[in-house]
Amino acid sequence: MPARAAITRALNLENMECKKIFRAADLATLDEYTIRHEPVAAIDLMERAALAFTTRLLELYPREPRFRVVAGTGNNGGDGFAVARLLRERGREALLYAVHASEHCSPCLDVNRERFLAAGGEVVEVRREEEFSPSGDGAWIDALFGTGLRRPVRGWLAGIIRRVNEAGGPVIAVDIPSGLAGEDNRENDGAITRATWTLTFAFPKLAFMLEENYPYVGDFEVLDIGLHPAITRDHPSRFYYLTREAVTRVLPARDKFARKGTRGRVLLVAGSTGMMGAALLATRGAIRSGAGLVTVHVPGAHARLVHATIPEALVDADTDDARFTGVTLTPPPDAIGVGPGLGVAAETGAGLWRLLEEWRGKLVLDADALNIVARAGGVERLPAGCVLTPHAGEFDRLAGKSSSDFERLDKLINFA
């Protein structure tokens with residue numbers, strides 16, 4: 001079984017009802033299936049998207065009387081024309097800048113352009129950067145380029161994006177910030193809209209999940225536009241994201257007579273001189289997560305600190321006063337967590353490897369436990385099924401440096 005399929009099956013993502021993240025290139029397939037099988041006309045699907053966008057936009061900016069819409073020549077621009085019309089119908093001022101990014105317009109854009117003009121809308125035609133002179137206050141709607149963009153934005157169109165970014169006022173992107181690729185932006189050296197909000201359709205784009213793109217995406221929300229459930233269920237995806245609802249369904253419920261002895265035993269190995277804060281935070285986290293009995297193994301000199309600050313935790317003191325050197329697994333816990341504030345001293349590393357050789361149950365490795373493994377090049381020695389929780393730097397130490405979050409994510413899939 002391919003690694004990704006094995007991971008998906010092991011985590012039971014489908015049954016958890018996790019949400020799929022499709023590629024930007026998949027959107028046309030999802031739209032076309034919906035158009036054929038709902039059935040719904042393409043122009044009506046666009047109207048549905050524009051209505052969802054406008055409704056949420058006015059919830060975010062209920063007192064904003066004035067909007068400036070920058071629309072390109074593709075379907076994203078068609079959304080922009082429809083949004084501008086809907087804003088006018090709701091009593092807002094909506095000035096539309098029609099940027100001629102191509103000689104050809106999408107058929108749906110042509111329809112929405114005529115509808116906007118018929119409703120009395122004002123259009124400023126822009127065929128070069130000098131014809132775009134943003135002025136006045138108000139919010140900006142970015143509908144210049146959508147998910148169909150296949151290359152970085154340069155030339156006079158890049159100048160349009162820069163002028164929007166410099167205009168002042170909030171910028172709300174339709175589906176995706178103009179110039180941003182839906183997934184991999186490692187080679188993207190073009191201009192990109194810096195949105196305050198991105199209101200995206202049907203599913204988040206993978207690029208939204210990567211920290212390096214936050215300056216462009218801003219805050220984002222996913223708007224349901226009623227894509228056909230069969231295609232979103234059956235169309236394959238490499239990526240999923242968890243929702244609060246999905247996690248809630250798999251959390252065990254406490255019964256009425258639950259007590260600490262029936263809710264599981266956790267052993268936490270954490271802390272060293274100078275880094276006991278990490279041990280205390282991790283201990284509180286383990287208790288908050290619902291574990292019944294939490295025992296924290298800390299350096300001997302710091303046992304009193306745990307007793308004084310977290311009295312509900314049991315404390316197991318190391319024979320060393322300053323660092324972790326080893327722990328006895330009697331009575332055996334149900335799960336072990338190792339690493340917060342542990343340090344990377346030689347004695348600590350030796351104690352960790354002894355623990356890993358002895359323990360084959362549920363295990364979470366974090367922080368310095370991962371740094372010890374990385375220093376020793378010991379990934380192959382980790383027991384099957386253990387959970388690793390690295391931040392970006394710790395993961396780079398385990399798997400090698402990455403030039404971007406997208407590369408790191410790809411490397412993570414292969415690493416797992």
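Biologist: In this predicted model, how far apart are the closest N and O atoms in the salt bridge of Arg56 with Glu221?
Modeller: Arg56 pairs with Glu221 in a salt bridge. The two come from distant parts of the chain, with Arg56 in helix H3 and Glu221 in strand E8 (residues 219-223), 165 residues apart. Their closest N and O atoms are separated by 2.6 Å.

Biologist: And is Glu221 buried, partly exposed or exposed?
Modeller: Its relative accessible area comes out at 23%. Buried would need under 20%, and exposed over 50%. So Glu221 is partly exposed.

Biologist: Next pair: which residue forms a salt bridge with Asp175?
Modeller: Asp175 sits in the loop between strand E6 (171-174) and strand E7 (197-201), and its partner lies in the loop between E7 and helix H7 (214-217), so the bridge ties together parts that are 30 residues apart in sequence. Both ends of the pair are buried. The closest N and O atoms are 2.9 Å apart, and the partner is Lys205.

Biologist: What about Asp234 and Arg233, are they buried or exposed?
Modeller: These two form a salt bridge as well, the closest N and O atoms being 2.9 Å apart. Asp234 has 52% relative accessibility, while Arg233 has a relative accessible area of 53%. The cut-off for exposed is over 50%, so Asp234 is exposed and Arg233 is exposed.

Biologist: How many salt bridges does the model have?
Modeller: Some of them share partners, and in that way Glu47, Arg85, Glu89, Arg90 and Arg115 are joined into one network. The count for the model comes to 23 salt bridges.

Biologist: Over to helix packing: at about what angle do H3 and H5 pack?
Modeller: H3 covers residues 42-60 and H5 residues 107-118, with the axes 10 Å apart. On the H3 side the contact is made by Ala42, Ile43, Met46 and Glu47, and on the H5 side by Cys108, Val111, Asn112 and Arg115. The crossing is right-handed, and the angle is about 60°.

Biologist: How many residues are in the largest nonpolar core?
Modeller: Among the members that touch the most others are Phe53, Phe81 and Ile172. Leaving out residues up to four places away in sequence, Phe81 touches Leu96, Leu109, Phe116 and Val123, among others. There is also a second, separate core of 23 residues, including Val269 and Phe324. The largest core has 40 residues.

Biologist: How far is Gly77 from Phe145, C-alpha to C-alpha?
Modeller: Gly77 lies in helix H4 (residues 75-89) and is buried, with a relative accessible area of 0%. Neighbours within four places aside, Gly77 contacts Ala71, Gly72, Leu109 and Ala143. Gly77 and Phe145 are 68 residues apart in sequence, and in space their C-alpha atoms are apart by 7.1 Å.

Biologist: Last one: which residue follows H14?
Modeller: In H14 (residues 392-399), Glu394, Phe395, Asp396 and Leu398 are buried. Those residues pack against helix H13 (367-376), strand E15 (387-388) and helix H15 (405-415). After H14 comes a residue with a positive phi, near 100°: Gly400.

Methods: Residues numbered from 1 in each chain as written. Predicted model: local features only at pLDDT ≥ 70, side-chain atom pairs only at ≥ 80, totals over all residues. Heavy atoms only, no water. Core = buried A, V, L, I, M, F, W, Y, C linked by side-chain atoms within 4.5 Å. Buried < 20%, exposed > 50% of the residue type's maximum accessible area, 1.4 Å probe, protein only. Contact = heavy atoms within 4.5 Å. Axes fitted to C-alpha atoms, helices over the stretch in contact; angles between N-to-C directions. Helix = DSSP H or I, 4+ residues; strand = E, 2+ residues; numbered from the N terminus. Left-handed = near helix turned anticlockwise from the far one by under 90°. Salt bridge = Lys/Arg side-chain N within 4 Å of Asp/Glu carboxyl O.
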